[in-house]
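Q: I have a structure open and want to learn how to read it. Can we go through some features one by one?

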Amino acid sequence: MRLNDLDERIVHALAEDARRSYADIGALVGLSAPAVKRRVDRLRAEGAITGFTVRVDPAALGWETEGFIEIYCSRNTSPEAIKRGLAVYPEVASASTVTGDADAIVQVFAADMRHFEQVLERIAGEPYVERTKSVLVLSPLLRRYSAGSPPA
């Protein structure tokens, strides 16, 4: 499904603050609150909006160390096998298959350096992993939580 400009603006408003009222969004995009609600309901029914959530600063939960791990897998390792293997780690915030030499890249949050090292060692020990390469985040510079192009 492709969103039109108005739907995109509504989605971006919700991505900024999912608790925003329909009236507030309507004032922003030039619709009444009931019209915004109808559009949001339709976007949910069509699967464009898959849910609403809360964003929590990982440091508030004691996860103050962030890093990325490149995973180099043995031959014939499927993306589904990688996904299943990584799903058991609560420290893994995201994982994606990628182009280039690595097969996947994994974003990890940990309590401290030792915890990050333990997670790295456990992931490196997975049967499908041949080797890993990791980098630690010093300072996050920019984080966007909504998908697509910014609203006009």
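A: The model is predicted. In it, Leu 6, Asp 7, Ile 10, Val 11 and Leu 14 of α1 meet Val 36, Arg 39, Val 40, Arg 42 and Leu 43 of α3. By class, that contact holds seven nonpolar, no polar and three charged residues.

Q: What describes two packed helices?

A: Two values do: the angle between their axes and the distance between the axes. Take helix α1, residues 5-16, and helix α3, residues 33-45. Their axes come within 11 Å and cross at roughly 90 degrees. An angle of 65 to 115 degrees counts as roughly perpendicular, so α1 is roughly perpendicular to α3.

Q: How do the axes of α2 and α3 cross?

A: Helix α2 covers residues 22-29. The axes of α2 and α3 come within 8 Å and cross at roughly 100 degrees. These two helices are therefore roughly perpendicular to each other.

Q: Which residues of α2 and α3 meet?

A: From α2 come Tyr 22, Ala 23, Ile 25, Gly 26 and Val 29. From α3 come Ala 33, Val 36, Lys 37 and Val 40. The contact divides into seven nonpolar residues, one polar and one charged.

Q: How far apart are Arg 9 and Ile 71 in sequence and in space?

A: Count along the chain, then look across the model. Arg 9 and Ile 71 are 62 residues apart in sequence. From C-alpha to C-alpha, they are 36 Å apart in space.

Q: How is the protein chain divided into domains?

A: Domain 1 spans 5-46, and domain 2 spans 58-137. Their C-alpha centres lie 36 Å apart.

Q: Where does UniProt place its "domain: HTH asnC-type" feature?

A: The unreviewed UniProt entry puts it at residues 3-64. That span is 53% helix and 0% strand. Its end C-alpha atoms lie 37 Å apart.

Technical notes:
Residues are numbered from 1 along each chain as its sequence is written. This is a predicted model: local features need pLDDT of at least 70, side-chain atom pairs count only at pLDDT 80 or more; totals for chains, interfaces and linings use all residues. Side-chain values use heavy atoms; hydrogens and water are left out. Axes are lines fitted to C-alpha atoms, for helices over the stretch in contact, and angles run from 0 to 180 degrees between N-to-C directions. Helices (H or I, at least four residues) and strands (E, at least two) are DSSP runs, numbered from the N terminus. Angles under 35 degrees count as roughly parallel, over 145 as roughly antiparallel, 65 to 115 as roughly perpendicular and the rest as oblique. Contact means heavy atoms within 4.5 Å. Ala, Val, Leu, Ile, Met, Phe, Trp, Tyr, Cys and Pro count as nonpolar, Asp, Glu, Lys and Arg as charged, and the others, Gly among them, as polar. Domain bounds come from an automatic or database domain assignment. UniProt positions are given in the numbering used here, feature names are shortened, and annotations may be inferred rather than shown by experiment.
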